[in-house]
Amino acid sequence: NAGVFSRFVISRLVIDQHRLQIDPTRTVWDEVGEGKETVKLGEETLSLRAYLRRFLFTEDRIGQAISQLSGGERSRVLLAKILKRGGNVLLLDEPTNDLDLATLRLLEEALIQFKGTIILVSHDRYFMNRVCTHTLALNGDGSVQFDVGAYEEFIIRQSKIAAALKPQVKPSTGSPLTPEARPA
């Protein structure tokens with residue numbers, strides 16, 4: 001039903017590992033600003049400079065050519081571009097790969113503050129525990145589990161369920177063999 005999905009606005013900018021969507025000859029200002037001096041985030045309007053500061057860009061880095069940036073800074077440029085476009089659904093596949101610590105923390109904070117739905121695929125358990133509020137686990141047998149709470153809480157609940165389902169070893173009802181009764 002198309003009506004069900006009409007309330008979802010999915011951003012169409014993909015952050016690829018090689019950062020191919022950014023022009024290395026442009027400056028951070030030009031690439032993120034795309035000709036505009038302000039950024040609208042929901043009801044809030046920020047100057048482009050203030051917005052870029054949120055992504056840890058200093059004054060000297062704002063005017064820097066992207067080709068002169070580190071990998072983490074280039075990732076922040078892409079993150080700034082995708083988040084300014086809005087939307088209420090983000091699909092992230094291993095978003096923490098190849099991020100420096102500053103960019104990782106920035107991504108965590110941005111996702112925690114994000115008002116929409118995030119579908120996250122990751123092997124980074126610490127990151128998932130920080131940003132996830134629900135878990136959808138795809139099991140190897142084709143079944144799917146849905147759980148409310150942080151990722152670590154999901155793991156703990158699954159361990160308890162597995163322990164409860166584990167067959168209990170019943171104590172032997174016969175008398176144990178004494179050394180004299182053991183066969184030689």
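Beyond its neighbours within four places in sequence, Leu120 contacts Leu92, Pro95, Phe127, Met128, Val131 and Cys132 (contact: heavy atoms within 4.5 Å). The model is predicted: local features need pLDDT of at least 70, side-chain atom pairs count only at pLDDT 80 or more, and totals for chains, interfaces and linings use all residues. Numbering starts from 1 along each chain as its sequence is written, and side-chain values use heavy atoms, without hydrogens and water.

Leu120 lies in strand S4, residues 117-121 (strands are DSSP runs of E, at least two residues, numbered from the N terminus). Leu120 counts as buried because its relative accessibility is 18% (buried is under 20% relative accessible area, exposed over 50%, partly exposed in between; 1.4 Å probe, protein chains only). Asp93 is 27 residues from Leu120 in sequence, yet their C-alpha atoms are 6.1 Å apart.

Strands S1 (38-41) and S2 (44-47) pair antiparallel over four bridges (pairing requires at least two DSSP bridges). Thr38 has Ser47 as its bridge partner in S2. Two residues separate the strands of this hairpin. In the turn, Gly42 has a positive phi of about 65°.

A nonpolar surface patch comprises Leu136, Leu138, Val144, Phe146 and Val148. Patch residues have over 30% relative accessible area and no salt bridge, with nonpolar side chains (Val, Leu, Ile, Met, Phe, Trp, Tyr) joined within 5 Å; a salt bridge places a Lys or Arg side-chain nitrogen within 4 Å of an Asp or Glu carboxyl oxygen. Together the five residues expose about 560 Å² of accessible area (Shrake-Rupley method, 1.4 Å probe, only the protein chains shown as cover). S5 (134-138) and S6 (144-148) each supply at least two patch residues. S6 gives the largest share, three residues. Val144 belongs to S6. Val144 counts as partly exposed because its relative accessibility is 48%.

Notes
Patch = residues over 30% accessible without salt bridge, like charges linked within 9 Å, V, L, I, M, F, W, Y side chains within 5 Å.
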